[in-house]
Amino acid sequence: MEGHNGDSTKKILLGYFDANLETLFDKRVSERVRALTFNIQAFTTNQQHPKFMEDNLITLLDRCLISVTKGSHNEISLAANTIGLMAVTAADRAHELYMESLPVLSKILNQGSPCSKIIECMTLLAFFGGKNCEETENSMQRIWELIHKISVSTGNGNKHSLSILPAAISAWTFLLASMDGRRLSYKYWQGVISYFFRLLEEMDEEALGLAVCEALTLILETDSLEKFSDRCSNIKKDEIIEKLKNFILKFREQDHDHNKDYNEELDFIYDVINLFEDDDCPQASINIRGHLLTLSTYSQIIQFNYLKRFLGSGFEVHMMGNKLLQNVFDFTPKIHVHHEKLWEEPTVTYFVPEARSKKTRQRLFMSPNSAYNKARTQLLNKNRDLTKRGSISE
């Protein structure tokens, strides 16, 4: 019966996905938004249907890409969010998603003013769908070009550009966290440290300051400072540490008590820098539904925070059931095996709305021929047999 119910539930869920896919072809924006919202909720809680994903993955992607290029601001954000979630859940087809999406998303990034969800979408596709370091670094380059375009717009007083600059830097940092510093190209990243130094001096914006501090701290961990320094001079580790510490101390001196989260995150970065000074590594242990996840590098902490922010309430669900995400952190939840009890107590459940009289209770429970006593006798005989076979230890 349980298997039948499970199959019925899967058929109903598949029907919902099929119907929502059809709705994405609807001319009405409100209907497309409703369908995208359903998909986001399903993917976030890791309830996507395997058969639907297998048969309709590219069709769903195409509809989302159309929404990304032609939709309203809200529809663009929802469609980009859906593509990002598809990358997290598509497993062995993530590279296919990456290659299909790259031309469209690259064109949007080249325009210089995408919403933050587009940047996030591109980043997740590169992270889960990039087959090698070259593809990941190629996506980092696209985001870095966007960062420079945003900086120019910000200098011209564009407030929207200023709001998405932290998102772009965080995305670039997230991809850098997946790279081996020794594999990074020498020709792409020269001048990055100096650029971040200028941002710390010129921009007085909390989210931007935090994003830059995270990027510089991660660059320290790569142990490849020469690849991020200027062409003519290599910036030393001590210079970066001093710059970061001065910025964080200055930030503390200013009145930023209203934003507790930023204060705590900058305090954590300050602690990480102190560990780097002693040639030590940061560590963090997180309890995920009774299972311990250990993060032993700053790179892992960056990845953890980024993915947790993206998945939100669905993060723990994915960590428990999404192999792709588990592989990122080398996390294997222990499966608890529930052994069958050898000694049981008899229970009988009745639905008798008016069974309140004493006579009725006697008939149901006290009579020698009652269902309760029959069940009790059967279990006593079963347990007695088990005891004789030595199946129950004293």
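Let me start with the second largest pocket, which holds about 230 Å³ of space. This is a predicted model, so please hear every value that way. Fifteen is the count to keep in mind here: 15 residues line this second largest pocket, and Q48, M53, T89, A90 and A91 sit closest to its centre. Two elements give two or more residues to that lining, namely α3 (50–70) and α4. Of the elements, α3 gives the most, with four residues. By class, the lining has six nonpolar, five polar and four charged residues.

T89 belongs to helix α4, which covers residues 73–89. Is T89 buried or exposed? T89 counts as buried, because its relative accessibility is 13%, and the cut-off for buried is under 20%. What does T89 touch, leaving aside residues up to four places away in sequence? The list is F43, N46, Q48, M53, H318 and N322.

Next, the largest pocket. Its space comes to about 380 Å³. The lining has 18 residues, and those nearest the centre are P166, A167, S170, Y306 and R309. Which elements give two or more residues to this lining? They are α6 (116–129), α8 (159–176), α10 (206–222), α12 (260–277) and α13 (298–311). By class, the lining of the largest pocket divides into nine nonpolar, three polar and six charged residues.

The largest cavity holds about 30 Å³. Its lining is L109, N110, R142, E145, L146 and K149. The top contributor is α7, with four residues. What is the make-up of that lining by class? Two residues are nonpolar, one is polar and three are charged.

Last topic: backbone angles. Most residues other than glycine have a negative phi. Two residues here are worth a look on that score. Take D279 to begin with. Phi of D279 is near 55°, a positive value in a residue other than glycine. D279 lies in the loop between α12 and β1 (284–288). Buried or exposed, then, for D279? D279 counts as exposed, because its relative accessibility is 67%, and the cut-off for exposed is over 50%.

Then R289. R289 is not a glycine either, and its phi is positive, at about 50°. Where is R289 found? R289 is in the loop between β1 and β2 (291–295). Those two strands pair in the antiparallel sense, over five bridges. One of the bridge pairs joins I288 to H291, which is in β2. The hairpin of β1 and β2 has two residues between the strands, and R289 takes its positive phi, near 50°, in that hairpin.

To recap the spaces: the largest pocket is about 380 Å³, the second largest pocket is about 230 Å³, and the largest cavity is about 30 Å³. And for the backbone, keep D279 and R289 in view as you turn the model. Over to you for discussion.

Methods:
Residues are numbered from 1 along each chain as its sequence is written. This is a predicted model: local features need pLDDT of at least 70, side-chain atom pairs count only at pLDDT 80 or more; totals for chains, interfaces and linings use all residues. Side-chain values use heavy atoms; hydrogens and water are left out. Buried means under 20% relative accessible area, exposed over 50%, partly exposed in between (1.4 Å probe, protein chains only). Contact means heavy atoms within 4.5 Å. On a 1 Å grid over the protein atoms alone, a cavity is a set of points where a 1.4 Å probe fits but cannot get out, and a pocket is an open set with protein on both sides within 12 Å along at least five of seven lines; lining residues have an atom within 4 Å of a point. Grid points are joined across faces, edges and corners, and a volume is the space filled by probe spheres set on the points. Ala, Val, Leu, Ile, Met, Phe, Trp, Tyr, Cys and Pro count as nonpolar, Asp, Glu, Lys and Arg as charged, and the others, Gly among them, as polar. Two strands pair if DSSP finds at least two bridges between them.
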